[in-house]
Amino acid sequence: MTEGHTITIEQGTRRVRVVRDGQVLADSSRPLVLRETGCPVRYYLPAEDVRTDLLTPSDTHTHCPFKGTASYWSLPDAPDLVWSYPAPKPAVARIKGHLCFYDVEPD
């Protein structure tokens with residue numbers, strides 16, 4: 001990390017459910033909690049706990065100098081709703097195989 005910028009990842013203990021329009025998209029009791037300077041807390045959920053069958057891969061990719069290149073998935077009415085880092089940088093390697101949704105609150 002650069003000076004003044006930190007990322008911490010810890011094992012979460014609270015259940016995280018993602019529901020959109022009454023449809024459960026994810027339900028996990030083993031989220032990773034990622035805290036990054038200047039960003040909201042993010043919950044990275046194991047891919048096995050996400051209904052990836054409901055999501056469509058997007059052509060969108062973004063690059064974070066601290067985490068690497070992100071890939072995105074969409075719902076028909078919610079483009080780029082979910083992202084992951086298929087090959088994260090070594091400092092955040094724990095998030096590999098996990099997906100993250102915008103605006104998630106744990107139970």
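Does Ser 74 count as buried or exposed, and at what relative accessibility? In this predicted model, Ser 74 counts as buried because its relative accessibility is 13%, and the cut-off for buried is under 20%.

**View 1. Ser 74 sits in strand S7, which covers residues 68-75.** Look for the side chain of Ser 74: one of its polar atoms lies 2.7 Å from the backbone nitrogen of Asp 80. Leaving aside neighbours within four places in sequence, Ser 74 is also in contact with Leu 54, Leu 55, Thr 56, Ser 58, Pro 79 and Leu 81.

**View 2. The largest nonpolar core has 17 residues.** Val 18, Leu 45, Val 50, Leu 81, Val 82 and Phe 101 are the residues with the most contacts inside this core. At least two core residues come from each of S2, S3, S5, S7, S8 and S9. Strand S8 gives the largest share, three residues. Apart from this core lies another, of 14 residues, including Leu 32, Leu 34, Tyr 85 and Ile 95.

**View 3. Leu 81 touches residues from several parts of the sequence.** Not counting residues up to four places away, its partners are Arg 20, Leu 25, Trp 73, Ser 74, Leu 75, Cys 100, Phe 101 and Tyr 102.

**View 4. The largest pocket holds about 160 Å³ of space.** Among the residues lining this pocket are Leu 34, Glu 36, Arg 42, Tyr 44, Lys 67 and Trp 83. Strands S4 (32-36), S5 (42-46) and S6 (56-64) each give two or more residues to the lining. By class, you will find eight nonpolar, one polar and three charged residues there.

Conventions:
Residues numbered from 1 in each chain as written. Predicted model: local features only at pLDDT ≥ 70, side-chain atom pairs only at ≥ 80, totals over all residues. Heavy atoms only, no water. 1 Å grid on protein atoms, 1.4 Å probe; cavity = no way out; pocket = protein on both sides within 12 Å on 5 of 7 lines; lining within 4 Å. Points joined across faces, edges and corners; volume = space filled by probe spheres on them. Helix = DSSP H or I, 4+ residues; strand = E, 2+ residues; numbered from the N terminus. Nonpolar A, V, L, I, M, F, W, Y, C, P; charged D, E, K, R; others polar. Buried < 20%, exposed > 50% of the residue type's maximum accessible area, 1.4 Å probe, protein only. Polar contact = N/O pair within 3.5 Å; in protein donor to acceptor, adjacent residues only side chain to side chain. Contact = heavy atoms within 4.5 Å. Core = buried A, V, L, I, M, F, W, Y, C linked by side-chain atoms within 4.5 Å.
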